[in-house]
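Please look over the model below before reading on.

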Amino acid sequence: MREEDIETAIKVVVVGNGAVGKSSMIQRYCKGIFTQEYKKTIGVDFLERQIEVNCEDVRLMLWDTAGQEEFDAITKAYYRGAQACVLVFSTVDRDSFKAVESWKRKVENECGQIIMVLVQNKIDLIDQAVISKEEAEELAKRLRIRFYRASVKDDLNVSEVFRYLVEEYLKQLNEPIEEMVIKNPSGQTNAFSIAPKNGQDNKNIQNSNNGTISLHKPKRVKSGKKSMMKSCRLL
């Protein structure tokens, strides 16, 4: 396989209450379209987009999950294996804002610690806002994640959200592996190679004959450089 045929694939889940604009955000980013008509997502929708960031080909696999409780059993299964997450709430829906921490816990229960970003959508309706600027910023600070105000309708900060996730993931992917030396109870010295945290990928532990344990960083996916914008619905 030629080096130019190697790309990085990132699974991103977009979560939040119903009607906050998750589907519209993914449609806007992948297809460049927006519709005012609201259609409830049944189960999970999926779209792909291939982009280039810092001279690297990246294939984003975007999973749009239903926001209603009755779909929890279906949607949580699709969180697994995600490397990044978008937490979305609406400027005009206080319940969606109050539910953000619950959504974060749901994802972390399936994926562990992964890269996340908080998005306040429908900022074009700021004159009808039910969440103050200070409240939103305080939530992001408490959760220790990047915060964006966005308008899917006006295509404001949509691309920036996903580019940030890609840049953070690539940064982790390319970080050097650190090594620490620990003596076990028998007095022997073991070396541990520790990769940066990347969700469940850090659970891939391999023992070698010399007592070294390596926690591997996520592998890059090898595939062609064709543009990918696929859509499917999983019920």
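The points below take the ring pairs in turn, then the charges over rings.

1. The model is predicted. The count of aromatic pairs comes to five.

2. One of these pairs is formed by Tyr29 and Phe162, and it is stacked, at 4.5 Å centre to centre with 25 degrees between the planes. The pair links distant parts of the chain, since the two residues are 133 residues apart. Tyr29 belongs to helix H1 (residues 22-31), while Phe162 belongs to helix H6 (residues 158-173). Tyr29 and Phe162 are both buried.

3. Phe89 and Phe97 form another pair, with ring centres 5.1 Å apart. Their planes stand at 65 degrees, and planes over 60 degrees apart count as edge-to-face, so this pair is edge-to-face.

4. Phe46, Trp63 and Tyr78 are linked into a cluster by ring pairs. Trp63, a member of this cluster, also has a charge over its ring: the charged end of Lys11 sits there, 4.9 Å from the ring centre.

5. Which residue has its charged end over the ring of Trp103? That residue is Lys106, whose charged end lies 4.2 Å from the centre of the Trp103 ring.

Methods: Residues are numbered from 1 along each chain as its sequence is written. This is a predicted model: local features need pLDDT of at least 70, side-chain atom pairs count only at pLDDT 80 or more; totals for chains, interfaces and linings use all residues. Side-chain values use heavy atoms; hydrogens and water are left out. Rings of Phe, Tyr and Trp (its six-membered ring) pair if their centres lie within 6.5 Å; planes under 30 degrees apart count as stacked, over 60 as edge-to-face and the rest as tilted. Helices (H or I, at least four residues) and strands (E, at least two) are DSSP runs, numbered from the N terminus. Buried means under 20% relative accessible area, exposed over 50%, partly exposed in between (1.4 Å probe, protein chains only). A charge sits over a ring if NZ of Lys or CZ of Arg is within 6 Å of the ring centre and within 35 degrees of the ring normal.
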